[in-house]
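Here are some notes to read alongside the structure. Please keep the model open and find each element as it comes up.

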Amino acid sequence: MTAVWRAARAAVRRRKLQTFVIGLVVLMSTATIVVALALLDASSAPFDRAFAAHRGPHAIALFDPAVVTGEQLAAQKTGVSASAGPFGQVTLDLDRNGPGPEGPVTVVGRADPGGPVDKLDLWRGRWATGPGEVVLNQPPPAETRGVPRTVDVTLGGKPFTVVGYAFSLSGSADAWVSPDQMAALHPTATQMLFRFKGDTSTGAAVEARLAAVTAGLPAGALLAAQPYTVVKKQASADIGAYIPLLATFGVLGLIVAVVIVGNVVSGAVVAGFRHIGVLKALGFTPRQVVAVYLTMVSVPAVVGCVVGAVTGFFAVRPLLAEGFDDLGLGGGIGVRPWIWAVVLVGMPTLVAVTAFVPAVRAHRLSAAEAISAGSAPRAGRGLRVQRRLGGLRLPRPVSLGLGLPFARPGRSLFTVIAVLLGVTTVTFATGLAATLDRMSTIRDAANGQIEVHPSDGKSRMVAEGGKPPTAPPTATTKTDAQVEELLRGLPDAARVAAIYGLPVPAVGQTQPLTVVFVRGDFAAMGYQRELTAGRWTRGADETVVASDVMRERGLKVGDRITLELDGRRAVLTVVGELMDGPQGPEGILADWSVLTALAPDRVVHPWEVFYQVQLRTGGDVAAYVAAVQAADPSIDAFDTSQVSDFVVTVVGFSSVLALLLSTVAALGVFNTVVLNVRERRRDLGMLKSIGMTPRQVVTMVLASMALVGAIGGALGIPLGMLAHRYVIPAAAESARVAIPQSVMDIWYAPTLAVLALAGVAIALLGALVPARGAARLPIAEVLHNE
Amino acid sequence: MTNDVVVRLDGVRKEYGDTVALDGVTLEVRTGEAVAVMGPSGCGKSTLLNMIAGLDRPTGGTIRIHGDDLGRLDETRLALFRRHKIGMIFQFFNLLDDLPALDNVALAAQLAGTRTGPARRRALELLDELGIADRRNAYPATLSGGERQRVAVARALMNRPALLLADEPTGALDSRAGEQVMDLLLDLNQIGQTLLIVTHDERLATRCASRVVELADGRVVRERSLERTP
């Protein structure tokens, strides 16, 4: 065993607290970095990664089997890097005996879930191989939720057993059966899945490549095709909201971790200068001294790094599962090998480099200089400040404490930065939670407390997480007007609105516009608070439009839309933009009288209408829901006043990350106080010897960090507010949603006052344990040793 | 000089693991006395001083200072005891490097709650009495050893302690500065300040003390009264 190793091992054993602090800080920082990198990695182009992992098709093309054969299609290779098919395809009506969507579904005959294109994630059960077996397309559920029961379904009126659930990122089918089964179902189209060579970055590029591959086929062979960009656009909108949020937390986490590790390790080396001097006096060469110190800090750092990486891995898994698995992108998301490599190599390297800088300084010092440098802060620092503080009318322990940070300005600066970043995170997380809460409140108010769906006799609606209905569906016998009358007549009903969506051709628009016709108390339900621009309607010739539709259709406030149905026209002026709008497909809102004007003979069935109900203040939602079902068992009603998954997920993310970063920041403070106390043992002993009580010692030490915390808080709050101001609109933009200004105006004096205390709280939390340790210092021993 | 007992030690014992630092020390110091505790290195002198100052707790026996049984005081009361009853002078001065001389002296009163103004006035009086008022704004690093020890003495006297304890007060000083400090201690005793000095300097003892207590292996082996030499 070398002298260096012996000396390093002895130093590690002797400096148990320092070793523990380095190990703990590196552990927490590594865990933070793993979480941060995994979040950053997951948030960078998640669709593209998941798409690559699924070997997603650039184009899903449907061909007419009467015009072109499967063999002809399989032979098409121009510009194709991989293809799958030909698969028989047919559209059939799906009926379930349990919860879930029903209606027309795309069924494809496939022999297996793998293959060179559109690799399916068969996450439950097995593949359909025999007659009467089907696999349904469904994203894997988050860990916390239950998986669907295997149920029997009917497809096109024939009974099928669901033998598995698979997920196709591209949505190439709603259900799969075996090729033989498909033949029996008489396919109406042949599906081909293509991955192309070269540029496929835009829809136009994909269409050009598809044109090349189908160039030699008979006319009319291609029935329809969908480029992957359509799915990507939808998925990106869902995930987009997460990306700026995760990136913000990720970057903050990285900076906090690096700052804290740097401060702790360099502090440990500086505090050990005296020991360095002793080693030199004993005959260690300067290089050996540097080696001893690098080894001394590396041992706990490596242990902390490994444990921290594993901790981070387990900490980030539920976050990623909650954030991404729900969106069906779990396949490409996780802690990837490069993160392990970066952390397990990078963190010890960072520690070594950080330790190396002061160790080199020690390398240059003579033994005598090193011994004297190690005893206390350099004289002369912060003297003027200390003197002025002494003249203030503050309790002396407080004024003494306030002056301490000025004796070690570099260390104090690092500590301020750590607290600053902690407070920035807490402020951002607080703002984010407040904004989401406000958005949720607005949506809750607008969406009503209760949704009502009359049954058409074929299917029934089930609330998310609710129990499936026990009775088979029966159609309501009531008319639309009677349902509304029923809802108004039940106890506690305050407002009832009827909402009916219908695609209506619009002059100048290539695709029909979804027009959401509303009547009843819709205007009084709170949607006006969702306005992000303009104003609410004042007459039937005006409309407000969901922000997503405004973007998609290139609309702006003031535009006029001409709707045309069965030769009748209605002109509506866009007077406002909404954050989103009522449940269902987003569209433009129009008064029910516009529907009557456009289609006077149209009979609207109650199951086509979506009803919203708001109760009087204090009304019992559960009792109302029960009353609806008692009045007509074929009408389903459920409570919608629950907080959305997105809000829960993001608030969960931000709370966990804010807590993690605050803890790391508090550890930085802890380390600073440990070093300060160690350096000032003699002063503390003297102060106690002249009558400083234990409480006064604690007060002095806490005061020294309270100032650091106050400065960090004062700087961190505006930074957190800035992050909130720029990141949240960016997140909304990524999600293609406009948000009302009111959800951004969430900063009030009491909130800011509490946040201002967050910096002080982080500092005091970190300082408390070493402060109490300082109060217990044995005076005689300290003064004797010094 | 009155006959009130300021310090009463009864069978005081202190062990550090297997090592016995004090072994049944019994001692009294009366008001106005100047007692020197002497002995070879490691005999327990400083340990004895620490016990009397309430800086450390004995393993056995009782220590009473002005009637207070130190063994019955918790840490806070012990700190208050040190603040009000004891003044300490250390071999290496133990001044705060980042405070000027005046504030180092005033500190002892400020910890007791005295406002800055009155504390600084009292500190200035003491520095003036000790002949270093002109150095009141100097930082310890710029003071000579003798000046530092005077500042330390002034700080020790700040709260008018019943007992002044000095641990090798001249040990870190050159002979001239040592002389000055000896004179200072003698003057203090002559105006009634009770003094307990730990030293191995025979000259200091004979100059300042009226009684010498000799320790060896943690025990009092001899006590003798002295005629002070000028």
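**Notes on two strand regions**

1. The structure is a predicted model. In chain A, strand β12 (residues 493–504) and β19(A) run antiparallel and are joined by 6 bridges. Within this pairing, A:Ala497 lies opposite A:Gln612 of β19(A).

2. β19(A) also pairs with strand β11 (residues 450–454) of chain A, in the antiparallel sense and over 3 bridges. Here A:Ile450 stands opposite A:Val613 of β19(A).

3. Is strand β19 of chain A, residues 610–615, enclosed or open? Buried here means under 20% relative accessible area. Of the 6 residues of this strand, 6 are buried, so β19(A) is largely enclosed by the rest of the structure. Look at the side chains as well: A:Phe610, A:Gln612 and A:Gln614 point one way, while A:Tyr611, A:Val613 and A:Leu615 point the other way, and all are buried.

4. Now turn to chain B. An open sheet of 4 strands is found there, in the order β2-β1-β4-β5, and its pairing is antiparallel. The edges are β2 (19–30) and β5 (68–69) of chain B; each has a single partner strand, so one side of each is left without a neighbour in the sheet.

5. As one example, B:Arg13 has B:Asp23 in β2(B) as its bridge partner.

6. Helix α1 (residues 45–53) of chain B packs on this sheet and touches β1, β2 and β4 (60–65) of chain B. The direction of the helix makes about 125° with that of β1(B).

Technical notes: Residues numbered from 1 in each chain as written. Chains lettered and ligands numbered in written order. Predicted model: local features only at pLDDT ≥ 70, side-chain atom pairs only at ≥ 80, totals over all residues. Heavy atoms only, no water. Buried < 20%, exposed > 50% of the residue type's maximum accessible area, 1.4 Å probe, protein only. Pairing = 2+ DSSP bridges. Contact = heavy atoms within 4.5 Å. Axes fitted to C-alpha atoms, helices over the stretch in contact; angles between N-to-C directions.
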